Amino acid sequence: MASKSSTKRGSALSEAFPAADPSHFRQPDLDALRPTFSTHRPKILILYGSLREVSYSRLLAHEARRLLEHFGCDVRIFDPRGLPLPDEEPANHPKVQELRALSEWSEGHLWVSPERHGAMTGIMKAQIDWIPLAVGSVRPTQGKTLAVMEVSGGSQSFNAVNQMRILGRWMRMITIPNQSSVAKAYQEFDADGRMKPSSFYDRVVDVCEELVKFTLLTRDASAYLTDRYSERKEDAAKLEQRVSLTSI
């Protein structure tokens, strides 16, 4: 039978963190989670994934733009025409620089892709691939909000929006819960390119409203929301190494 002292040691060890460095732990800071709200208009970048002359993803992107502007946003839409395939040209290509500058400017993204062969289009993926995960120690998309929409020529599907959600997580973005999938898109727009009244349009309004609210809620706290134990620990180790080198 174990002694009382060994039982106490085992209990103390179970409450400790032998695999961690608790000096880098941080308790939640309510003040940091509730900063003073910025008063400028939310800055939203819209990407769409088609080059067709009659592009339903582009029409949906502009429909979302009108709504976002109505809800008080400053909106920019990137035109993917002329953007090279990833690695086809160097990163200083003018269209790549334009895309990266818009992404850096933005506080939130809206991605709109057609579904082709059960997936987002290559044009959509190429735009996302040109946005870097990291530039030096800066992660350009980390903490930005993201909404996703898709259009399809057949019955309703969610393959493209699900793929874009995975990409958003990979890029450390805050992807909102709602999403839009417009089925048989050729039936949902009139001759002037405006979306007809429907439950699909209602969902587009829902997504735009939600994107604005999540952006307003998180943009001033995004640095705190993405402050991580592992990175604090790594930064401290690098600082200690630099100090040690300079003291030699």
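Strands β3 and β5 pair in the parallel sense over seven bridges; two strands count as paired if DSSP finds at least two bridges between them. The strands and helices named here are DSSP runs, numbered from the N terminus, with at least two residues (E) for a strand and at least four (H or I) for a helix. You are looking at a predicted model, in which local features need pLDDT of at least 70 and side-chain atom pairs count only at pLDDT 80 or more, while totals for chains, interfaces and linings use all residues. Residues are numbered from 1 along each chain as its sequence is written, and side-chain values use heavy atoms, leaving out hydrogens and water.

Let's stay with β3 for a moment. Within its pairing to β5, Leu 110 stands opposite Ala 147. β3 also pairs with β1 in the parallel sense, over five bridges, and there Leu 45 has His 109 of β3 as its bridge partner. With β4 the sense is antiparallel, over two bridges, and Glu 115 is partnered by Met 120 in β4. The hairpin of β3 and β4 has two residues between the strands, and His 117 takes a positive phi near 50° in it.

How many of the nine residues of β3 are buried? Eight are, which leaves the strand mostly covered. Buried here means under 20% relative accessible area, exposed means over 50%, and partly exposed lies in between (1.4 Å probe, protein chains only).

Next, find helix α5, residues 122–130, where Met 124, Ala 126, Gln 127, Ile 128 and Trp 130 are buried. The buried residues of this helix pack against β1, α4, β3, β4 and α6.

Ser 152 counts as buried because its relative accessible area is 9%. Its side chain reaches the backbone oxygen of Ser 155 at 3.5 Å. Setting aside residues up to four places away in sequence, Ser 152 touches Glu 115, Val 182, Ala 183, Lys 184 and Ala 185, where contact means heavy atoms within 4.5 Å.

Finally, turn to helix α8, residues 222–225, where Leu 225 is found. Is Leu 225 buried or partly exposed? Leu 225 counts as partly exposed because its relative accessibility is 42%.

Conventions. Polar contact = N/O pair within 3.5 Å; in protein donor to acceptor, adjacent residues only side chain to side chain.
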